[in-house]
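Try each one yourself before reading the solution.

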Amino acid sequence: MVTKIQRRNKIKTRIRGRISGTAARPRMTVFRSNKQIYVQLIDDLSGKTLAAASSKGLEAKGTKSEIAAAVGKAIAEKAQGAGIQEVVFDRNGYLFHGRVKSLADAAREGGLKF
């Protein structure tokens, strides 16, 4: 029987085979734990993280989806500060709904294109 983690890793590998980030258009990857949500902008060619945001450093209150939306706005602001307009979205094997979707929608509202 395949566990939930094995299933996610299989999907993650399939996604990562298709997408890659550059300095001009970095990969925006999302990781969510039970309590927190993290997002990074990664240049895969040089292997560097260009910007990052997480719910740990935020003072946001509310539901997990509302906190994820605040993280999406924060990463959009950091990306604009670094001169990044477009990204490639990497949902990291998670389904595109709930916290992942609210983070993505908030990042789009903040000015990121993907």
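The exercises below concern a predicted model.

**Exercise 1.** Work out which order the elements of the chain follow from the N terminus on.

*Solution.* Start with the inventory: the chain has three helices and four strands. Then read along from the N terminus, and the order comes out as α-β-β-β-α-β-α.

**Exercise 2.** Decide how compact the chain is for a globular protein of its length.

*Solution.* First take the radius of gyration, which is 14 Å. Next, apply the globule rule to 114 residues, which gives 13 Å. The two values are close, so the chain is as compact as a globular protein of that length. For the outline, the C-alpha atoms fill a box of roughly 45 × 35 × 20 Å along the principal axes.

**Exercise 3.** Describe the contacts and the surface of the chain.

*Solution.* Begin with contacts at a separation of 6 or more: 59% of them join residues 24 or more positions apart. Turn to burial, where 36% of the 114 residues count as buried. Finally, the chain exposes about 6,800 Å², and carbon and sulfur atoms supply 54% of that area.

**Exercise 4.** Find how far apart the mean positions of the positive and negative charges are.

*Solution.* Count 23 positive and 9 negative charges in the chain. Their mean positions lie 10 Å apart.

**Exercise 5.** Locate N92 and state whether N92 is buried or exposed.

*Solution.* N92 sits in the loop between β4 (88–90) and α3 (99–109). Its backbone has a positive phi of about 60 degrees, although N92 is not a glycine. The relative accessibility of N92 is 7%; buried means under 20%, so N92 counts as buried.

How values were computed:
Residues numbered from 1 in each chain as written. Predicted model: local features only at pLDDT ≥ 70, side-chain atom pairs only at ≥ 80, totals over all residues. Heavy atoms only, no water. Helix = DSSP H or I, 4+ residues; strand = E, 2+ residues; numbered from the N terminus. Rg over C-alpha atoms; globule rule 2.2 N^0.38 Å. Buried < 20%, exposed > 50% of the residue type's maximum accessible area, 1.4 Å probe, protein only. Contact = heavy atoms within 4.5 Å. Areas by Shrake-Rupley, 256 points an atom, 1.4 Å probe, with all protein chains shown as cover. Lys, Arg positive; Asp, Glu negative; His and termini not counted. Charge placed at Lys NZ, Arg CZ, Asp CG, Glu CD.
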